[in-house]
Amino acid sequence: MPGENATEPSHIPRSSAPQVWTATVAETKFYWYDLLVDGSPLPDFRDPVGRYLRRVQFAIDGTMEKRLLYFLVARPRLRFDLQRNVSWSFFSLKLTIPVLIGAEERKSTITIDLDVPFEATYKKPLVQVQDKFLLLNWGALVETLSIHDLVQRYETGLAFPGTVLYVGQTHDPAGRLAKGHHMAVNRARDAGMVDSDMFLLIQRFDVKVETAATDLSEEASMRTHVDLLEGALIGYFEGPTSRLRSEIELGNRRDHLAELQYTYFLTKLTVDLGFQGADGFYDLESAQAGRSRRHLFECSFTAGAPVIQRLPDNARPLPVLRA
């Protein structure tokens with residue numbers, strides 16, 4: 001809710017000069033959200049899948065302490081086909097794995113060319129397939145990969161976009177999102193695509209400020225940056241009348257954003273979700289926003305309501321993620 005993240009701009013004098021902000025992605029990570037909130041307990045840490053899931057849980061728990069932005073993203077359901085066998089090519093580490101795509105479980109295969117880990121003591125791994133996980137036993141270590149990890153890591157030929165259902169902030173001392181207790185996200189999952197796999201795309205943004213103002217007291221805090229970015233991204237992906245948000249929430253957010261926009265004399269916010277090297281997982285769309293791997297747009301605020309102007313993907317150089 002806006003009130004939970006609100007700053008107190010009324011105690012800050014208005015900026016002495018207009019400000020123009022440009023927000024670009026600094027860090028980004030997809031997490032398969034269903035694995036953690038399906039209601040079943042996490043497997044034992046001594047189990048490879050258990051270790052994998054606990055690492056993911058630890059990573060998401062850590063984001064609850066930070067001010068980051070997240071997108072709930074639905075992608076077509078994808079599972080390994082346990083009724084068919086994997087197969088190796090004769091002269092390489094190419095592994096072909098049968099899969100089931102979508103709610104209708106359409107049969108297909110993916111082929112990946114494995115790299116031998118440095119720690120491996122086997123030239124070719126022992127392969128174990130579960131419906132969501134591939135385990136590669138290299139002797140000295142076991143690699144655990146979800147089926148969607150393979151889609152991100154390898155060129156599998158499975159190209160379909162993700163649908164953004166909801167936008168929010170990670171910061172929450174109660175950790176409701178990480179525990180699966182965030183009611184708005186749960187409603188979005190239930191109302192969105194029941195037969196889809198759900199992901200959290202969690203991102204940190206860098207915000208560059210252009211202004212003639214020189215007083216450091218006029219600089220916005222990270223909290224303010226994230227509040228305004230969240231409002232812009234909600235306007236872009238969800239639209240002004242999102243059915244997932246109450247009129248009270250929408251009204252409170254408009255009031256809060258109007259105050260922030262006035263205080264910091266923000267005339268334009270440019271948001272660029274693109275970066276060099278983005279894979280097919282970043283092909284995103286929503287009911288409001290057409291498909292793109294970049295999603296580059298300008299936003300201004302009128303009485304706290306975001307006014308969006310989408311820009312061509314080639315309108316500015318594609319950013320580079322910092323290592």
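In this talk, a residue is called buried when its relative accessible area is under 20%, exposed when it is over 50%, and partly exposed in between, using a 1.4 Å probe and protein chains only. Val320, at 56% relative accessibility, is therefore exposed.

Good morning. The structure above is a predicted model, in which local features need pLDDT of at least 70 and side-chain atom pairs count only at pLDDT 80 or more, while totals for chains, interfaces and linings use all residues. Residues are numbered from 1 along each chain as its sequence is written, and side-chain values use heavy atoms, with hydrogens and water left out.

Let me stay with Val320 for a moment. Val320 sits in the segment that follows strand 15 (305-310). Helices (H or I, at least four residues) and strands (E, at least two) are DSSP runs, numbered from the N terminus. Between Val320 and Ser15 there are 305 residues of separation in sequence, and their C-alpha atoms are 31 Å apart in space.

I turn now to the interior. A nonpolar core is a set of buried Ala, Val, Leu, Ile, Met, Phe, Trp, Tyr and Cys residues joined through side-chain atoms within 4.5 Å. The largest such core here has 87 residues, and those touching the most other members are Phe71, Leu72, Leu150, Phe205, Leu233, Phe237 and Val271. Helix 6 (residues 222-237) contributes the most to this core, with eight residues.

Which residues surround Leu72, leaving aside its neighbours within four places in sequence? Taking contact to mean heavy atoms within 4.5 Å, the partners of Leu72 beyond those neighbours include Tyr33, Thr163, Val185, Met198 and Phe199. Because its relative accessibility is 12%, Thr163 counts as buried.

Is Phe281 buried or exposed? Its relative accessibility is 2%, so Phe281 is buried. Phe281 is placed in the loop between strand 12 (266-272) and strand 13 (284-285). Setting aside neighbours within four places in sequence, Phe281 is in contact with Phe30, Arg75, His148, Val151, Gln152 and Phe199.

Next, the helices. Two packed helices are described by the angle between their axes and the distance between the axes. Axes are lines fitted to C-alpha atoms, for helices over the stretch in contact, and angles run from 0 to 180 degrees between N-to-C directions. The axes of helix 6 and helix 7 (residues 247-263) come within 10 Å and cross at roughly 125 degrees. Helix 6 is therefore oblique to helix 7, given that angles under 35 degrees count as roughly parallel, over 145 as roughly antiparallel, 65 to 115 as roughly perpendicular and the rest as oblique. At this meeting, Thr224, Asp227, Leu228, Glu230, Gly231 and Ile234 of helix 6 face Arg253, His256, Leu257 and Leu260 of helix 7.

Finally, two backbone angles. Most residues other than glycine have a negative phi. Glu105, although not a glycine, has a positive phi of about 55 degrees; Glu105 lies in the loop between strand 5 (94-101) and strand 6 (106-113). With 40% relative accessibility, Glu105 counts as partly exposed. His295 also has a positive phi, near 55 degrees, and is located in the loop between strand 13 and strand 14 (296-302). His295 is buried, because its relative accessible area is 1%.
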